[in-house]
Amino acid sequence: MTSPDLQALISHMGGAARAASTLMAAASTAAKNAALLALARRLRSETTALQAANAQDIEAAQAAGLAAPMVDRLKLGDQVIETVAQGCEQIAAMPDPIGEITNLRRRPSGISVGQMRVPLGVFGMIYESRPNVTIEAASLAIKSGNACILRGGSEAIHSNLALWKLVQAALVEAGLPPDAVQLVATTDRAAVGHLIASPEAVDVIIPRGGKGLIERVSREAKVPVIKHLDGNCHVYVDAQADLALALKVTDNAKTQKLSPCNAAESLLVHQAVAARFLPQIGAIFAAKGIEMRCDTASQVLLEAVPNALIAAATEQDWAEEYLAAIISIKVVASLDEAIRHINRYGSHHTDAILTDSHPNAMRFLREVDSASVMVNASTRFADGFEYGLGAEIGISTDKFHARGPVGLEGLTSMKWVVLGQGEIRS
């Protein structure tokens, strides 16, 4: 498509989304829930067809030499489809935030002042690889009374089109406007440029993908952006950690799945327990083919582990999001050093402390500057579904509007409402 054609396409979609957003903002909770439950039902009944479409994308990705972690993100397995179907049902069961009035208080003048939660309007979602994001974004848009324009990666085009058709069918079944969820069907990358530079089409852009995509969107967008750049997540094993618990949690945080942004990429171990802990976790990593990029102290302790894949860490390793079978490892002298290291090299996504010390846990929670901070739990829990949000539109490492997994409330804003009985200002 030519640039004018793409501009006309985005303009048309934006106009349709604006009209749909007005209807969605006024839609009843019952209608929105009906659409979500219809979508969950259709996802389950159309699993075979969805996986046939997904197979086309996987075959094309493998033929194009796409990296294994990216191919893994493409897959619409039975469990992925069931998870997003459950997410739709979970969102349907949640209270509807739209129209809720909070903080209502009476003023000396006689008026009552409060805040009402309202939809953002239209959001644009730009994402790569994971086709399940199509359902997560659509389901959150529906329940939050927004409209959305989705632009998935070209590598998932067949999967995304198949999923989007189910969304539109569910909206029609519930009596809601099908244009409330639209998908940019072209794989032309120039469409992204037009979408992010169209404030008349969208109120906010949410990029979800690699660092290159998010940096481009942040640089070129003419509308607000909710973003995160990296997922360099840390696990810190404290001097007072239960080492059996620490082994289990560290292993899960790194190896349960390598490709998500909430997988652990860096391991910090207090020097008081390093000699006992590192050979044990090193053996687990060695058995699973995890390469360990170490500082001098950890390398000395891991060299005796049979079949261990060890390399000396560079400065870049401390800040790296690998999304692969690699982890950086450093021995630290104190909790203070661990916190300083995380705040310097981390991406402010998710970081965990493993400790039996309540004071140390509370200091870590207060002082680590990340969107999610955990005590004695795997970083893999940093997820909208696991947090009870039903699904997430993404994980924001920004500090304004929304931070961490962005669910229903992250897609709303507050407006002031004033209730009076004829009061006038003197």
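How far apart are the mean positions of the positive and negative charges of the chain? I looked this up before anything else. The mean positions of the 38 positive and 44 negative charges are 6 Å apart. For this count Lys and Arg are positive and Asp and Glu negative, with His and the chain ends not counted. Each charge is placed at NZ of Lys, CZ of Arg, CG of Asp or CD of Glu.

A note on what I'm looking at: this is a predicted model, where local features need pLDDT of at least 70, side-chain atom pairs count only at pLDDT 80 or more, and totals for chains, interfaces and linings use all residues. Residues are numbered from 1 along each chain as its sequence is written, and side-chain values use heavy atoms, with hydrogens and water left out.

**Overall fold**

I found 14 helices and 16 strands in the chain (DSSP runs numbered from the N terminus: helices are H or I with at least four residues, strands are E with at least two). The radius of gyration is 24 Å, close to the 22 Å from the globule rule for 426 residues, so the chain is as compact as a globular protein of that length. That radius is taken over C-alpha atoms, and the rule is 2.2 Å times the number of residues to the power 0.38. I also noted the span of the C-alpha trace along its principal axes, about 75 × 65 × 40 Å.

I checked burial next: 54% of the 426 residues are buried (under 20% relative accessible area; exposed is over 50%, partly exposed in between, with a 1.4 Å probe and protein chains only). Of the contacts with a separation of 6 or more, 72% join residues 24 or more positions apart; a contact means heavy atoms within 4.5 Å.

**Cysteines**

How many disulfides does a search of the whole structure find? It finds zero, a disulfide being a pair of cysteine sulfur atoms within 2.5 Å. For cysteine 88, the closest cysteine sulfur is in cysteine 148, 12 Å away and too far for a bond. Cysteine 233 has its closest cysteine sulfur in cysteine 261, at 6.7 Å, which is also too far. I noted cysteine 88 as buried at 0% relative accessibility, and cysteine 233 is buried at 0% too.

**Serine 144**

I then went to serine 144, in the loop between helix H6 (132-143) and strand S4 (147-151). Serine 144 is buried, at 0% relative accessible area. Leaving out residues up to four places away in sequence, serine 144 touches Ile98, Pro119, Leu408, Leu411 and Thr412. Proline 97 is 47 residues from serine 144 in sequence but 7.1 Å away in space, C-alpha to C-alpha.
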